[in-house]
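This report describes a sheet and a pair of helices. The sequence and the structure are shown first.

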Amino acid sequence: MADHFEVAIIGAGPAGLAAAANAAQHKLSHVLIERREIGNTIYDYQLRKFVMAEPGKLPLRGQIPFQAGTREQILDAWNKAVAACAINVRRAEVAAIKKIGEHFEISSKEVICTAKHVILAIGVQGSPRKLGVPGEAAPVVAYTLSDPDQFQGKDIIVVGAGDAAIENALGLSDGNNVSIVNRGDDFPRAKDANSAKIMDAIRAQKVRMYANSEVARLEPGIVVLNTPQGEESVACDHLIARLGCILPRKFLESCGIQFPSADAAAVPIVTARYESNVPGLYILGALIGYPLIKQAINQGYEVIEHILGHAVEPADQVLVDEKLAVLPGSSAQKLQTIRSALPLWSDLSEAQFRELIIESTVRVLKDGEIVFQRNDYTDTFFSIVEGEVQIEVPHLADGIKLQTGSYFGEMGLMSGRRRTATVRACGRCTLIESPRKQVLKLVNSVASVKREIDKAFLLRALETSVFPEVSRSVLQAVVSRAQYRHFKKGEALFKQGEIGDVLYFIRKGSVKVSRRHPTGQEVTQTYLPAGSIVGEMALLSEEPQPRSASVAAVVPCEVVAIQKSDFLEILKSNQAARHRLTALARSRELENASMPVDPQLGSVLDFMMAQGVTDADNFLLIDSDRCVGCDNCESACAATHGGYSRLDRKGGKSFASIQIPVSCRHCENPLCMLDCPPDALTRMPNGEVVIRDCCIGCGNCVRNCPYGVIRMVYQDETSSGFSLFSLFRKIKSDEHHGPAKAGKCDLCSSLSGGPACVRACPTGAAMRVNPSRMLAILAEKR
């Protein structure tokens with residue numbers, strides 16, 4: 001007859017160990033069933049990996065020790081704890097858990113034991129997500145890394161953007177040629193420390209990153225990647241895919257556990273006591289969305305207290321209380337109120353929801369108080385817990401009102417560009433302001449959140465910018481049928497002469513519009529940024545119409561495709577929209593007819609786009625036809641900034657009569673701000689990116705800037721007068737002159753008259769412009 005226990009714990013990871021240790025502490029009959037090693041979560045890490053104990057503020061409960069240290073140190077401490085606590089460990093692989101009456105039967109090929117309570121703490125590490133591409137079965141492909149030292153002089157590709165991928169890439173970077181393939185351009189799912197380390201390694205050229213790229217296929221000796229520039233073959237002796245793990249849903253459902261939806265990313269819903277829909281069956285750790293070791297250990301301790309009937313609050317309660325202190329009522333009441341009010345977050349596990357609250361800020365606003373203003377450079381996301389706000393839209397006299405349960409800020413969140421409207425409180429309202437990184441993490445992991453935010457983004461873009469006259473019900477029907485599409489850099493959305501069947505709304509990136517010269521050459525005419533529509537000219541008639549120009553992605557783009565039938569339905573529903581869109585199309589048609597297909601001008605536009613000015617908010621442009629080479633611009637800049645000029649006229653790029661000096665462009669997506677430890681780099685309300693006095697001189701911004709416009713400088717006490725850009729010092733510090741700090745153009749934000757370089761130009765050749773003004777200047781030169 002099988003042994004019977006009060007509690008059976010499946011899985012000897014951190015959660016399982018903590019539960020077993022607390023059960024032993026309370027003299028509770030228990031068994032810890034593990035098929036492999038104690039601390040499997042840590043055991044499978046690469047040798048000598050340093051494990052961080054995060055979140056740092058979270059207290060640790062129970063008998064299982066855990067502090068930052070190497071893999072080996074942590075495993076040693078856990079094995080000693082198992083012996084010291086006299087934990088009853090049994091080696092077996094569990095194949096089924098079945099509830100029979102008041103107890104559970106746990107079996108493999110035969111019954112292992114029975115128990116009154118079962119705690120599932122098996123994690124997800126045993127089911128890695130596969131590449132899913134041709135050649136993935138090749139022997140060079142692996143999904144874990146044990147010992148980085150076994151590889152030397154190899155071409156190694158790591159696929160993924162999480163902590164495991166980063167740590168593997170860093171561990172292999174000494175003595176190997178390592179590349180990391182990232183579907184995005186940053187690392188939102190990684191711990192901040194790991195994100196900073198991999199960016200340092202990329203800047204130091206120890207690791208090469210293929211951003212916005214994916215594996216297309218594996219061939220002998222190479223991996224073929226889909227990159228923004230097209231397919232690229234990369235030498236490969238070994239590939240490590242760290243794409244996360246797949247929840248063992250089939251096994252969990254066989255135990256009777258229910259999921260809130262069919263989404264692949266959905267996790268089981270459990271009570272505050274970690275109990276599933278099956279009474280007596282508890283689930284901990286990564287299975288319910290808690291991937292961090294410290295969180296899992298605390299849950300293991302707490303679940304035993306719950307089983308024993310002891311009152312215990314979650315270990316992270318102190319952090320939740322701190323965030324919700326401005327609201328009345330008990331913490332439990334506040335959490336329930338917030339969760340009930342916000343359907344967007346309904347599919348979040350308790351773990352994910354609490355993490356969202358801990359990372360967010362509660363804002364209580366008075367009537368008329370501004371949340372953010374149109375053209376602000378902020379990217380946080382807002383959920384309305386109580387009250388309402390008004391979105392002020394230029395085309396709508398009454399604006400758009402959002403009530404309790406709604407959310408806003410998704411336009412800046414997804415596009416990374418300026419706010420498109422002003423939002424203010426209507427009466428007293430309570431908002432949850434969540435950081436972009438946290439929301440993107442949820443968008444990437446909870447399918448319902450991504451789906452809902454995508455729908456809201458498109459609906460609000462259409463009703464505020466594209467079709468403000470059209471009723472919401474009509475636009476909602478269109479949104480339900482719209483499709484999201486991605487285009488690589490240089491890839492055509494459509495080509496001149498093709499029959500038009502789709503209207504495109506540019507969600508991310510920018511596109512260039514070109515027309516065919518009689519010689520057959522494609523000549524660039526203009527560019528369109530995110531938030532624009534393109535392709536309407538060929539859709540206004542029921543009859544098939546050819547495209548009058550070609551449109552291609554300048555950078556990797558994400559667009560929303562609206563079918564011609566839906567576009568025409570919108571126009572039929574509202575005459576004002578039809579008149580406005582028809583007028584827009586005619587103005588573009590007239591512009592095309594009056595605009596010569598000038599290869600020289602097209603080459604100038606291509607040059608400007610190659611210099612990255614489509615991402616610039618304010619860049620220095622010099623008209624070479626007017627410039628007399630006096631260098632007054634540099635002199636004035638140096639005189640304004642303590643002797644150091646923040647621009648280099650001669651060092652910039654030139655084409656025809658256009659010159660772009662080396663000077664800050666104040667980008668819409670400034671890479672210099674990605675890794676500034678003291679947050680010295682900040683964006684001002686008008687868009688200028690400035691460096692505050694708290695700069696510590698780490699030089700991260702210098703390495704991150706793709707345009708070379710930031711330098712480390714110090715005041716040379718022995719110099720007389722001013723220095724030009726050539727006197728920027730690339731040194732960190734000097735015993736006579738003190739520490740160097742980062743220096744760059746600040747648009748002379750302290751001067752009321754605007755940038756000194758522009759004001760000092762005697763001929764008007766120097767000007768500070770944005771891309772729209774640039775296009776106007778080029779049009780004047782025709």
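In this predicted model, I622 stands opposite Q659 in β34. Strand β34 runs antiparallel to strand β32, and two bridges join them.

Both strands belong to an open sheet of four strands, ordered β33-β34-β32-β41 and paired in antiparallel fashion. The edges of the sheet are formed by β33 and β41; each has a single partner strand, so one side of each is left without a neighbour in the sheet. On average, neighbouring strands of this sheet are turned by 40 degrees against each other, direction ignored.

| Strand | Residues |
|---|---|
| β32 | 619-623 |
| β33 | 648-655 |
| β34 | 658-662 |
| β41 | 766-769 |

Helix α4 covers residues 163-172 and helix α5 covers residues 192-203. How do they pack, and at what angle? The angle between α4 and α5 is about 40 degrees, and their axes lie 10 Å apart. The crossing of α4 past α5 is left-handed.

Which residues of α4 and α5 meet? On the α4 side they are D163, I166, E167, A169 and L170, and on the α5 side N194, S195, K197, I198 and A201. By class, the residues of this contact of α4 with α5 comprise five nonpolar, two polar and three charged.

Note on methods
Residues are numbered from 1 along each chain as its sequence is written. This is a predicted model: local features need pLDDT of at least 70, side-chain atom pairs count only at pLDDT 80 or more; totals for chains, interfaces and linings use all residues. Side-chain values use heavy atoms; hydrogens and water are left out. Two strands pair if DSSP finds at least two bridges between them. Axes are lines fitted to C-alpha atoms, for helices over the stretch in contact, and angles run from 0 to 180 degrees between N-to-C directions. A crossing is left-handed if the near helix is turned anticlockwise from the far one by less than a right angle, and right-handed if clockwise. Contact means heavy atoms within 4.5 Å. Ala, Val, Leu, Ile, Met, Phe, Trp, Tyr, Cys and Pro count as nonpolar, Asp, Glu, Lys and Arg as charged, and the others, Gly among them, as polar.
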